[in-house]
Amino acid sequence: MEKNLRDIHSPEDIKGMSLEQLYLLSDELRAALTRKLAAHGGHVGPNLGVVEATVALHYVFDAPKDKIVYDVSHQSYVHKMLTGRIEAFLDPAHYDDVTGYTCPRESDYDLFEVGHTSTSIALATGLVKSRDLVGGKENVVAFIGDASLGGGMALEALNYAPELHSNIIVILNDNQMSIAENHGELYNHLKTLRDSNGTAENNIFRALGYEYIYVEEGNDLRALIKAYREAKGQNRAVLVHINTMKGMGLPCAEAHKEQFHYNGPFDPKTGANINSAQVESYQEIFALQLLDKMRADKRVVGLTAGTPGAIGWDPAMREAAGDQFVDVGIAEQDCVTMAAGMARGGARPVMGVVSTFLQRAYDQLSHDVAINDLPVTFVVFYGSMFGMNDMTHLGFFDIAMVSNIPNITFLAPASAEEYKAMLDQAVDSANGPVVIRIPGGAVRHQSAPVNTDFTKYETVEQGAEVAIIAEGTFLETALKAAEILRSKGVTPTVINPRILSQVDAGSLDTLKDYRHVITIEDGIVDGGFGQKVAAYLGTSPVKVTCLGLEKEFLDRFNAAELLKANGLTPEQIASIA
């Protein structure tokens, strides 16, 4: 079997296959994909569900001449298998040769580095316009699914694309799921279309000007090839609506679609995770605390933009919260502005969000929440070099991005107890927006009482001559560096700043006669809190060194190596003091 797959170097190698051979190929691809995902982890359900859809796509269309854009691109694994990267799915030694998303650095068949949702149709309209300006004839295909269609950008582009009056093909992979369940009336409409086998008179896509093609058996090659051939070459906007099964061919993934949207290594027979011992997590702490606050106060509402599992809200938690938990689908802009409306209406909204996705709603955060100075609380997860490490999902830009917006109080706890006190205060009594950045790494606890005046820095260890001001994640690192320095006869002051959107002038004034102040943050130095400290101390003789990360896009980095490269180990910090 693997020998047959290893013979596939490009889509040209499947063009001459019979339908029977294509069915066999799909089975072999699914089996190989399952083996890799079980051993390595990755996006399980999205890719198993589009095996046939991808085989048919490359059988009918002529990539890379024809342009194919994958939305989010977490469902592009089979595409990679058919475009010269099969070894990365067959040989464990090469599993990490490819990213989990489309990547132009890997192949000319991949057009964009993309890992955020709802962009494919807009990208495709740009390709269409460019093609038409130079007189090209190639097909342009946007492949969208996993609830991406509900995102605002997708709807904006869906509305515009027919106005081009040119060849653009949207393939809507309708697997009845988002990351979790779908939300929004659009998905009820898709059900109406499915239930009528695509014949319902009320059809949003036809109303918008699309030629509409429905494929009931979206995992059947014969039906897919027929539909794609019908769509190919048309000089107008065509939408092909395919009804697929997320996780198809792997019983555990079919039965537990939310769990297997993305999963670590697992036993393919039972679905049980491998080497995943239960450890305390900030996600669980957040979910349980917020649920308690909901029960105590009906005004408290939890919100997410399609990622409830990533912030600790499993199906049981969501059921327990009832109407006090809102999932708007993968639509961060709507979620942030809805929270602003809630706050104006007297509710106490708390949005849990993954750092990389918060940047998708920067304007709403600034314009709708901050300008109006509304008491919305944001709890940000994976805002750390110890979070996700794909280039498209980096979380360490959030300090620079958010802490410089006026009216926002940006807090960085260094322990679970600090975090809980910050959330209590923000929800119970804040008069304006508060962002709480969950620290990276393992949960840290403190035994000392929490000083709840979060406008003030906290001196954790008092010393002299040298001060280390370490944000959230790096407080433990600073304490280790201080221990090294004490062994060399230097007793440094160690400070937990806690608030990153402003400086504590009183605390910094006490450091003006020090020899050296070192700031450490789990984010980029440019625009970070360390530069605020340096600016404040700039007129005093004290030397200030700001440590953090370079302003760059990194891909699949090793955290330990990144620490050393940026001088962030305890030994390196102590050596410069």
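**View 1. Asp174 in strand β3 of a predicted model.** Asp174 belongs to strand β3, which spans residues 168-174; strands here are DSSP runs of E with at least two residues, helices are runs of H or I with at least four residues, and both are numbered from the N terminus. With a relative accessibility of 4%, Asp174 is buried, a word that stands for under 20% relative accessible area, while exposed stands for over 50% and partly exposed for in between (1.4 Å probe, protein chains only). Leaving aside residues up to four places away in sequence, Asp174 touches Leu190, Arg194, His241, Ile242, Asn243 and Thr244, where contact means heavy atoms within 4.5 Å.

**View 2. The cis peptide bond at Pro64.** Here we look at the bond from Ala63 to Pro64, which is cis with omega near 5°. Pro64 sits in the loop between α5 (51-60) and β1 (67-70).

**View 3. Tyr382 and its positive phi.** Tyr382 has phi near 60°, a positive value in a residue other than glycine. The loop between β9 (377-381) and α19 (398-402) holds Tyr382, and this residue is partly exposed at 32% relative accessible area.

**View 4. Arg556 and its positive phi.** For Arg556, phi is near 50°, again positive in a residue other than glycine. Arg556 lies in the loop between β16 (543-549) and α24 (559-565), partly exposed with a relative accessible area of 34%.

**Notes for all views.** This is a predicted model, in which local features need pLDDT of at least 70 and side-chain atom pairs count only at pLDDT 80 or more, while totals for chains, interfaces and linings use all residues. Residues are numbered from 1 along each chain as its sequence is written, and side-chain values use heavy atoms, with hydrogens and water left out.
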